Amino acid sequence: MKKEALLYEGKAKQLFSTDDSDVVWVEYLNQATALNGAKKDQIAGKGELNNQITSLIFSYLHEVGIDNHFIKQLSKTEQIIRSVEIIPLEVVVRNVAAGSFSKRLAITEGTPLKFPIVEFYFKNDDLDDPMVTEDHIKVLEIASEAEIAALRKMALEVNEALKKLFTEINIQLIDFKLEFGRTANGDILLADEVSPDTCRLWDLATNDHLDKDIYRRDLGDIIPVYQEVFNRLNQRKGA
C-alpha cells in the first residue's frame, strides 16, 4: 500500500490518502496539547506510544465485537484505518467525577458516579468545543435522532469493554472521549484514537494519574506514564 497526499493535520496526527480510496494512512505526532491548544509542546516518543496503545486497544475492541476503523499497525508511529467522515461530536463517558465535570458541578474529584454519564461536545475549535444537548445536535443537523441514540449506545458499550480491559491491568477508567465516523454506506464506526491523551486513567492501587493530566496539570513527564500504560497492555496481550 502506498501513502499519498496529506489529507489533514491535527494536534496529534497526520492523515494521508492511499492508493486505496477506502483506506487512510495515519502518522502519530509527538505534539502534546492542552486547554484547546493554548498549551503546546513537542515531546519525543509520545507519538509512538499513543499509536501503539491505540492499536492494542482498537484490536481488543474488534475482538469483543465493537466495530471500529482500525485496520493494522504499520510501524511504531503509523497505522492504517478505514476511511470515514468524522461526525463533529466528542462523546464523553464519565464513571468517576474528575476534571471539568468536578469543577462544573462542585463534585469532589474521585467521587464514583452512580451510573456512567454520557455528554456530547460540538467539535469546533473556534467555539472551544462547547457542550451540547441532543436537541442542539438536531438543530445543528450534526446527527439524526436515531444516530444520537446509536452514539450513546455505542459509547456505553465501549465503556463496559474498556472498564474490563483496564481493570485487568490494574487501571481505573475514570472518563474518556470518543469520536465516531460514517462510512460511505452510512454505517457508524468508532474512530480517532483511544489513548492516555483521550482517557483519564488512574492506577487502581495508588490513584496515580496515568494520562494527559500529568501534562495538563504540570505534574511531571508524561512519557514514563504512557510507557507504563503501554507496558501493561502489552503484557496482557502476551499473557
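How many aromatic pairs does the structure hold?

## Aromatic pair

The structure, which is a predicted model, holds one aromatic pair. The ring centres of F58 and F70 lie 6.3 Å apart with their planes at 15°, so the pair is stacked. This pair links distant parts of the chain, since F58 belongs to helix α1 (residues 46-63) and F70 to strand β6 (residues 70-73), twelve residues apart. Both partners are buried: F58 has a relative accessible area of 0%, and F70 has one of 7%.

## Salt bridges

Across the whole structure, a search finds 28 salt bridges. In one of them, the side chains of E147 and R182 meet at 2.9 Å, N to O; because E147 lies in helix α4 (residues 145-168) and R182 in strand β12 (residues 171-182), the pair ties together parts that are 35 residues apart in sequence. E147 counts as buried at 19% relative accessibility, and R182 is likewise buried, with a relative accessible area of 18%.

A salt bridge also joins D175 to R200, with the closest N and O atoms 2.7 Å apart, and it links strand β12, which holds D175, with strand β14 (residues 199-203), which holds R200, across 25 residues. D175 is buried at 5% relative accessibility, and R200 is buried with a relative accessible area of 11%. Salt bridges that share partners join D175 and R200 into one network with R94, R104, E109, E119, D213, R216 and R217.

## Surface charge

On the surface, E4, D19, D20 and D22 gather in a patch of negative charge. Of these residues, D19 is placed in the loop between β2 (13-18) and β3 (23-28).

Key:
Residues are numbered from 1 along each chain as its sequence is written. This is a predicted model: local features need pLDDT of at least 70, side-chain atom pairs count only at pLDDT 80 or more; totals for chains, interfaces and linings use all residues. Side-chain values use heavy atoms; hydrogens and water are left out. Patches are made of residues with over 30% relative accessible area and no salt bridge: like charges are joined within 9 Å, nonpolar side chains (Val, Leu, Ile, Met, Phe, Trp, Tyr) within 5 Å. Accessible areas come from the Shrake-Rupley method with a 1.4 Å probe; for residues, only the protein chains shown count as cover. A salt bridge is a side-chain nitrogen of Lys or Arg within 4 Å of a carboxyl oxygen of Asp or Glu. Lys and Arg count as positive and Asp and Glu as negative; His and the chain ends are not counted. The place of a charge is taken as NZ of Lys, CZ of Arg, CG of Asp or CD of Glu. Helices (H or I, at least four residues) and strands (E, at least two) are DSSP runs, numbered from the N terminus. Rings of Phe, Tyr and Trp (its six-membered ring) pair if their centres lie within 6.5 Å; planes under 30 degrees apart count as stacked, over 60 as edge-to-face and the rest as tilted. Buried means under 20% relative accessible area, exposed over 50%, partly exposed in between (1.4 Å probe, protein chains only).
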